[in-house]
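Visitor: I am new to this structure and would like to learn how to read it. Could you take me through some features one at a time?

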Amino acid sequence: MAAAATAGSSPGSGPGDSPEGPEAEAPERRRKAHGMLKLYYGLSEGEGAGRPSGPDPLDPTDLNGAHFDPEVYLDKLRRECPLAQLMDSETDMVRQIRALDSDMQTLVYENYNKFISATDTIRKMKNDFRKMEDEMDRLATNMAVITDFSARISATLQDRHERITKLAGVHALLRKLQFLFELPSRLTKCVELGAYGQAVRYQGRAQAVLQQYQHLPSFRAIQDDCQVITARLAQQLRQRFREGGSGAPEQAECVELLLALGEPAEELCEEFLAHARGRLEEELRSLEAELGPSPPAPDVLEFTDHGGSGFVGGLCHVAAAYQELFAAQGPAGAEKLAAFAQELGSRYFALVERRLAQEQGGGDNSLLVRALDRFHRRLRAPGALLAAAGLADAATEIVERVARERLGHHLQGLRAAFLGCLTDVRQALAAPRMAGKEGPGLAELLANVASSILSHIKASLAAVHLFTAKEVSFSNKPYFRGEFCSQGVREGLIVGFVRSMCQTAQSFCDSPGEKGGATPPALLLLLSRLCLDYETATISYILTLTDEQFLVQDQSPVTPVSTLCAEARETARRLLTHYVKVQGLVISQMLRKSVETRDWLSTLEPRNVRAVMKRVVEDTTAIDVQVGLLYEEGVRKAQSSDSSKRTFSVYSSSRQQGRYAPSYTPSAPMDTNLLSNIQKLFSERIDVFSPVEFNKVSVLTGIIKISLKTLLECVRLRTFGRFGLQQVQVDCHFLQLYLWRFVADEELVHLLLDEVVASAALRCPDPVPMEPSVVEVICERG
Amino acid sequence: MGDGKKIISLADNHILLWDLQESSSQAVLASSASLEGKGQLRFTSGRWSPHHNCTQVATASDTTLRGWDTRSMSQIYCIENAHGQLVRDLDFNPNKQYYLASCGDDCKVKFWDTRNVTEPVKTLEEHSHWVWNVRYNHSHDQLVLTGSSDSRVILSNMVSISSEPFGHLVDDDDISDQEDHRSEEKSKEPLQDNVIATYEEHEDSVYAVDWSSADPWLFASLSYDGRLVINRVPRALKYHILL
């Protein structure tokens, strides 16, 4: 309605082409009327309850806005719009105005009947009101008469009423007096009977009256009597209280009565606490005795049970009674209690911690968790009573600490298990060596190690999982929900273990194992495979398992699986590289000794392949078998065809000859260099100690590369006689025959061996090579 | 190897000290010492120490480094297991009397303080095969040259253990320049102790490297294939050291 009206107002103040004449009066008034109407309907000015999307209700250029200012609007239009748009907006506006006019007319026609009926109703109401007015007048006169009568009646009854009141007062007074006179005897009787409660109640009732009328001698006497009796009563009560043997509730009763007798609360409170302390200390002593210097007889569950029911229960009673009794004491009293509870509580905690520390070394987690659960549950009750003493917090803290220590313990356990596994493996590796058989079950050993570690991890997880079991009371503490799961278990235990495993493994690479003897190479190989397995599957498996079991909700950053995997992979790679180095070193030492110790100038004509070379091939084969147990074959270059013979015969007859033939004539030493240099230009540089990949071929390639390079370097340091050179030739051919099958790229072996022979030839004053056919025959015979 | 009138020669397991007499062209064996132990022990390398008035000699045999006093011909220090494998070469720091570098078949270059023989001061592991040669620059001992049978020559900058102090000594004259120097140092600090350059010109094992005795910025390396490569310290580094 308001919107329609506002829209209607705009043509009224428009350029003057409005057909509605009566609207010529000042638009101000109309707006005011609108404002009032709006106010009435709760449409505050800018609120725009009917218009949900008024962009700015105060905008004077908003045609439908309450603050529409035609001048501004027109100005804006004139200034901003081109002529065509002006015309458009004008026609648009005229059309809108027409539409509004016709709308208004239809509205008026439609509502005409309603107006008429409304007028009728108003007329009828006027008549009815006139009738009602008459009746109201009559009612007023009647009421006046009634008031008059009632005043008269109360005046007549006044006298009698007063007398009755007085009589009742006297009666009450007499009864009270009677009670007072009887009081001493009653009190004595009560005291004799031991009904202290009753006595105290009587005394309480009479006290005030006696106090007031103590100037009258008769009352005075009564009061004196009473006081004597009360004193006796108090004495008795106190005595009972001090005896103290009758347990907390009775003591509490005593204290309550004494308080009612007006004894000083402060003192009572002290005394009460002192008594409670005595009792609780006794409990603590008994607990301590249980703890004892001797090995703890009862298990931890029993201990906490005992402590819970004895000490904590007692503390609960005391606290409850205290709060009931000394509630009036206010914050000072509460503080006293809190201090009291805190002191005793801390002593109790110290005891519990000592006991738990004894348990720390033990293995049974479930018992511990149950004990902790009891302990924690027990302490929640006083925790509610004694929020200030912070017992519950302290208890939770203890539980947390124990849990943390437990985690540390498990981590230690896992590490120890891992080291144990390693020792086992070492022994297993050493044993068959002695027996003469070459490590039969490397794969089995690996499987054993992996499964035993995994089972250890699982056992630890299961044990730790007890801490978060639903039915355990502290499992829903924020620490156990969040930090314990993510930081403690996931990061601390699992990630920590994997890391430490990697570290242990890596230490084998760094340690003085350089000397080779410290760690058996097979162990390196096995560890490397283990790490690789961890990288590929186990880590993610364990972490998933952990995440599932512990429903890690904590948002704190955790080590992602990929990081761990990368670490494991790195470890595996380092181990394998180290393995290659160690094995390569073993073989190259052998080769070096063989080259260095021999007098090459005066050897006889070669008849055999030297035993060292056979040994090298044997060792390489052994290594091949060993690695093959744990690692896959890997990729070879395609050129290795299945028949070794053919490849070699081709190689040695055509290429080898072609290469060596010119070099052995002393006239052309430069050609050799040139040739070998040109050849090297086209072959890739051999990176001897390059990192290896995780497969057998790569590992063996690495080992062979190291060995052959050593051979090459050693050969270069020696001087050879003719037969020396021939011996080298034979040896190299032999190696060629057997080593090619182990490596990824046989070209590499050829290249290195060629180098060896070429170097030997260069170091020979009389280079006469052997006939390739003879070489072959010797090699085949060997 | 020698200095002045004396010459040391290493023969299998003997150190022989010869006295060169100026008058005659003969050398007289002055004294000798021999190394005894199990197995066949041979000296692989030896150097005069340029300090202590040339009374010290260091030798390498198998994996052990030994220092000798030529006056008494007795052993003064011994670094057992200096390298995992054979020690190929060693060199004394020309400016710091207790420092020496060694290299060996374990692809490592190690720097030792002979007063503490239990562990190396620093270890470099840049080569991928035996390191045959190690040489300090004669005047700028942070420059260390190594040659290896992986056919590489590596020039490294060992500022942290050189006689050159960290950063620059500020002379009284250029107090005004102090500010500039400071900022310069800061920007250059992270560059320290690094490999300056790896020279891969050789196609085969490099067996010898040495610095020029004339120009401290020049060095040569010789490889198996007979190639002699002469290189220069990079200009930027040279200016950094000099300025």
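Guide: Gladly! Let us begin with a term: a salt bridge is a side-chain nitrogen of Lys or Arg within 4 Å of a carboxyl oxygen of Asp or Glu. Please keep in mind that this is a predicted model.

Visitor: What is the N to O distance where Asp91(B) and Arg47(B) meet in a salt bridge?

Guide: For the side chains of Asp91(B) and Arg47(B), the distance is 3.0 Å, N to O. Asp91(B) sits in strand β9 (residues 87-92) and Arg47(B) in strand β5 (residues 43-48), so this pair links distant parts of chain B, 44 residues apart.

Visitor: Are these two residues buried or exposed, or something in between?

Guide: The general idea is that buried means under 20% relative accessible area, exposed means over 50%, and partly exposed lies in between. Asp91(B) has a relative accessible area of 5%, so Asp91(B) is buried. Arg47(B), at 26%, counts as partly exposed.

Visitor: Which residue forms a salt bridge with Arg88(B)?

Guide: The partner is Asp105(B), and the closest N and O atoms of the pair are 2.7 Å apart. Arg88(B) belongs to strand β9 of chain B, while Asp105(B) lies in the loop between β10 (99-104) and β11 (109-113), 17 residues apart. Both Arg88(B) and Asp105(B) are buried.

Visitor: What about chain A? Which residue does Asp731(A) meet in a salt bridge?

Guide: Asp731(A) meets Arg610(A), at 2.7 Å from N to O. Asp731(A) is in helix α21 (residues 722-739) and Arg610(A) is in the loop between α16 (561-596) and α17 (611-630), so the pair ties together parts of chain A that are 121 residues apart in sequence. Asp731(A) counts as buried because its relative accessibility is 1%, and Arg610(A) counts as buried at 9%.

Visitor: Which residues form a nonpolar patch on the surface?

Guide: Met136(A), Leu139(A), Met143(A) and Ile146(A) do, and together they have about 420 Å² of accessible area. Leu139(A) is found in helix α4 of chain A. At 47% relative accessibility, Leu139(A) counts as partly exposed.

Visitor: One last stop: where does Arg152(B) lie?

Guide: Arg152(B) lies in the loop between β14 (143-148) and β15 (153-157) of chain B. With a relative accessible area of 14%, Arg152(B) is buried. Sequence and space can be read side by side here: Arg152(B) and His129(B) are 23 residues apart in sequence and 9.3 Å apart in space, C-alpha to C-alpha.

Key. Residues numbered from 1 in each chain as written. Chains lettered and ligands numbered in written order. Predicted model: local features only at pLDDT ≥ 70, side-chain atom pairs only at ≥ 80, totals over all residues. Heavy atoms only, no water. Patch = residues over 30% accessible without salt bridge, like charges linked within 9 Å, V, L, I, M, F, W, Y side chains within 5 Å. Areas by Shrake-Rupley, 256 points an atom, 1.4 Å probe, with all protein chains shown as cover. Helix = DSSP H or I, 4+ residues; strand = E, 2+ residues; numbered from the N terminus. Buried < 20%, exposed > 50% of the residue type's maximum accessible area, 1.4 Å probe, protein only.
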